[in-house]
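This briefing concerns helix packing and the nonpolar core of one structure.

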Amino acid sequence: MLVGMPDRYHPALDGLRALAILAVMWHHAVSGLPAWWQGGDQGVDLFFVLSGYLITALLRRDGDLKRFYARRVLRIFPLYYAVLTVYVVLMRGAGGPRADAFFAVLPAYLTFTANWVVHRPWPPFYLAWSLATEEQFYLVWPFILRVLGRYAWVALAVGLFVANPAICIGAALALVPLPRFRPGTGSVALCLLGVSLALPVPEVARYVVMGLVVVTSVAAPARWLASAPMRWVGKLSYATYLTHMLVLHILRDVLHIPGGPLLFLSLVPGALAFAWGAHVFIERPFLRLKARV
C-alpha cells in the first residue's frame, strides 16, 4: 500500500495542529527574550506544510472546485471576519498610533493580502499575513493542479523560490506515492524535527522534515498525537490562532505578566477558553453547514 493521499480522518493530524498552535503561542509569549528561548514561529511553517499537503490530497480525491471553494469559505471566512470586526471595534475605541497602523492596513486584512503590506513594527492583527498566504494558495493552486495534472510538480519547484516553500513542500508530498512506514516512524520523525529546530539547518531542509512528520502522522503516527487532549486543542487551533493575541494583550498589558514561561502558561488556558467560545458560537454552525456541502 502506498500512502500520500489520506482518504479519511487522521486524528494525529489534529495533534500536529495542537503542536503548531502551542508553538505559536510560545513564540508570542516569550517575544523579547534571548533567542534561545524562541523558535516557536516554526509553528506557522508547520501549519503551512499541513495545509499544502491536505489541500492537495483533497483536490486529488475530489476535483469539484465549486464544492472546494464553498467549503473553504465556510471554514475560514465567518470566524476570520468576526474576529476582525472585534479588532475594528477595539481599535476604534483605543485610538492612538497602533490604531492608526491597524486602519492603514485594514483593506489588506479585508482582502487577504496582508502578506503583501504588513511589516515591522507589526500592527494589531498582523498574524493575518499567514492566513492571506494560505488563501492565495487556495485560490490559484486548484487551477494549476487541474491544468498541469501530473506535471504540477513543475509549478511547485518554481514555488520553492517565488512563493511559500513550506506550502509547496507539503503539496509535493501529496503528489508522490510514499512507501508504507514502519510503526514508530512518526515518533522518529518528530525527534528529527526537534533536532532540526535546535540546529542551524537550512529552512527548506526543516520544511522537508516537517513534511515527513505530516506523512508519517497519516501512516504511522506517534500515539500521543492522537490522544483526546491533543485532538481537542488541534480542533480549536484555527480559533486559537485568530484570538490568542487578544488574550495575550490582556495578560501582558492589563495584568502586567512579563514575557516568558509564566506568560505562556497563563496564555494557553486563557486562549483555549476564548477559542472554545468562538468555536461553539461562531465557527461550529458554519462547520455543520460545510459538512453538508
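A nonpolar core is a set of buried Ala, Val, Leu, Ile, Met, Phe, Trp, Tyr and Cys residues joined through side-chain atoms within 4.5 Å, where buried means under 20% relative accessible area (1.4 Å probe, protein chains only). The model is predicted, with local features needing pLDDT of at least 70, side-chain atom pairs counting only at pLDDT 80 or more, and totals for chains, interfaces and linings using all residues. Residues are numbered from 1 along each chain as its sequence is written, and side-chain values use heavy atoms, without hydrogens and water.

**Nonpolar core**
- The largest nonpolar core comprises 90 residues, and Tyr-80, Tyr-109 and Phe-125 have the most contacts inside it.
- Helix H2 (residues 42-61) supplies the largest share of this core, 10 residues; helices are DSSP runs (H or I, at least four residues), numbered from the N terminus.
- Beyond its neighbours within four places in sequence, Tyr-80 is in contact (heavy atoms within 4.5 Å) with residues including Tyr-109, Phe-125 and Tyr-238.

**Helices H3 and H4**
- Helix H3 (residues 65-94) packs against helix H4 (residues 97-110) at an angle of about 155°, with the axes 10 Å apart; axes are lines fitted to C-alpha atoms over the stretch in contact, and angles run from 0 to 180 degrees between N-to-C directions.
- H3 is therefore roughly antiparallel to H4 (angles over 145 degrees).
- Among the residues making the contact are Tyr-80 and Leu-84 of H3 and Phe-102 and Tyr-109 of H4.

**Helices H7 and H8**
- The axes of helix H7 (residues 152-162) and helix H8 (residues 165-173) come within 8 Å and cross at roughly 160°.
- H7 is therefore roughly antiparallel to H8.

Terms used: Helices (H or I, at least four residues) and strands (E, at least two) are DSSP runs, numbered from the N terminus. Angles under 35 degrees count as roughly parallel, over 145 as roughly antiparallel, 65 to 115 as roughly perpendicular and the rest as oblique. Buried means under 20% relative accessible area, exposed over 50%, partly exposed in between (1.4 Å probe, protein chains only).
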